[in-house]
Amino acid sequence: MVHSIANQASSSVTVTVAKYAPAVFVDSEGPLIYHRDGARVDRANPAKRDEPLTMYATGLGVTTGGRVTAGQPSPSSPLAVTAPVQLYFGNPLIKEAAIIVDWSGLLPGYIGVYQINCRVPGAHIKGDNLPITLRIGGVDSPTTGPTAATIYVQ
């Protein structure tokens, strides 16, 4: 329930609190995934095998390393690092859908934004609109609905 300074209250809403609630950031153009040169990964500019990519997400939980203070931007030294993250472009049950995660942690200078540095391995499957699954602590990001992310891999 939220109370205003005029002491007016909102209606009650139940909110689930979880240790992890991974989700890839998406906008009207798709997921926030970028090539090394800063170009966005999309249909016209798909991800390529062995290529480093940068992806942005939320809900990856508590970090280690750099000290994080609620409401303050994340530190740049030392970095705030997440627990191990698994990432899949395509069906997670297919071995070739696994992506190499090189680093995962809070984006320095931002609040609640996680950065994932990853690479598409050489044996990875190709495809258009491959579902993205981000997994941490046994919890998966949404793969259906309006917040589900997909990617193009050449």
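**Labels and their grounds**

Analyst: Arg36 lies in the loop between strand 4 and strand 5. The model is a predicted one.

User: Why is Arg36 called exposed?

Analyst: The relative accessibility of Arg36 is 69%. Exposed means over 50%, so Arg36 counts as exposed.

User: How many residues apart along the chain are Arg36 and Leu53, and what separates their C-alpha atoms?

Analyst: Arg36 and Leu53 are 17 residues apart along the chain, and 6.0 Å separates their C-alpha atoms.

User: What makes strand 4 and strand 5 a pair?

Analyst: Two strands pair if there are at least two bridges between them. Strand 4 (residues 33-35) and strand 5 have 3 bridges, in the antiparallel sense, so they pair. Tyr34 has Thr54 in strand 5 as its bridge partner.

User: How do you know that strand 1 and strand 5 pair?

Analyst: Strand 1 (residues 23-24) is joined to strand 5 (residues 52-58) by 2 bridges. The cut-off is at least two, so these strands pair. They run antiparallel, and Ala23 has Thr58 as its bridge partner in strand 5.

User: Which bridges join strand 10 to strand 5 and to strand 9?

Analyst: Strand 5 and strand 10 (residues 114-119) run antiparallel and are joined by 6 bridges. In strand 10, Asn117 stands opposite Thr54, and Ile116 stands opposite Met55. Strand 9 (residues 98-106) pairs with strand 10 over 6 bridges, again in the antiparallel sense. Trp103 also stands opposite Asn117.

User: Why is Val81 called partly exposed?

Analyst: Val81, in strand 7 (residues 80-81), has a relative accessible area of 28%. Buried means under 20% and exposed over 50%. The value for Val81 lies in between, so the label is partly exposed.

User: Which residues does Val81 touch, leaving out those up to four places away in sequence?

Analyst: Val81 touches Val62, Thr63, Thr64, Trp103, Ser104 and Gly105.

User: Why does Thr133 count as buried?

Analyst: Thr133 is found in strand 11. Its relative accessible area is 2%; buried means under 20%, so Thr133 is buried. Beyond residues up to four places away in sequence, Thr133 touches Gln86, Leu87, Tyr88, Pro92, Asp140, Ser141 and Thr143.

User: What makes a set of residues a nonpolar core, and which residues have the most contacts inside the largest one?

Analyst: Such a core consists of buried nonpolar residues joined through side-chain atoms within 4.5 Å. The largest has 26 residues, and Leu87, Phe89, Ile116, Ile132, Leu134 and Ile151 have the most contacts inside it. At least two residues of this core come from each of strand 5, strand 8 (85-89), strand 9, strand 10, strand 11 (127-136) and strand 13 (150-153). Strand 11 gives the largest share, 4 residues.

User: What is Ile151 in contact with, leaving aside neighbours within four places in sequence?

Analyst: The contacts of Ile151 are Ile33, Val41, Ala47, Phe89, Gly127, Asp128, Asn129, Leu130 and Ile132.

User: Is Val15 buried or exposed?

Analyst: Val15 lies in the segment before strand 1. Its relative accessibility is 63%; the cut-off for exposed is over 50%, so Val15 counts as exposed.

User: Which residues make a nonpolar surface patch with Val15?

Analyst: Val13, Val15 and Val17 make a nonpolar surface patch of about 350 Å².

User: What describes the protein chain as a whole?

Analyst: The protein chain has 0 helices and 13 strands. Its C-alpha trace spans about 60 × 35 × 30 Å along the principal axes. Of its 154 residues, 37% count as buried. The protein chain exposes about 8900 Å², with 55% of that supplied by carbon and sulfur atoms. Among contacts between residues at least 6 apart in sequence, 58% join residues at least 24 apart.

Key: Residues are numbered from 1 along each chain as its sequence is written. This is a predicted model: local features need pLDDT of at least 70, side-chain atom pairs count only at pLDDT 80 or more; totals for chains, interfaces and linings use all residues. Side-chain values use heavy atoms; hydrogens and water are left out. Patches are made of residues with over 30% relative accessible area and no salt bridge: like charges are joined within 9 Å, nonpolar side chains (Val, Leu, Ile, Met, Phe, Trp, Tyr) within 5 Å. Accessible areas come from the Shrake-Rupley method with a 1.4 Å probe; for residues, only the protein chains shown count as cover. A salt bridge is a side-chain nitrogen of Lys or Arg within 4 Å of a carboxyl oxygen of Asp or Glu. Buried means under 20% relative accessible area, exposed over 50%, partly exposed in between (1.4 Å probe, protein chains only). Contact means heavy atoms within 4.5 Å.
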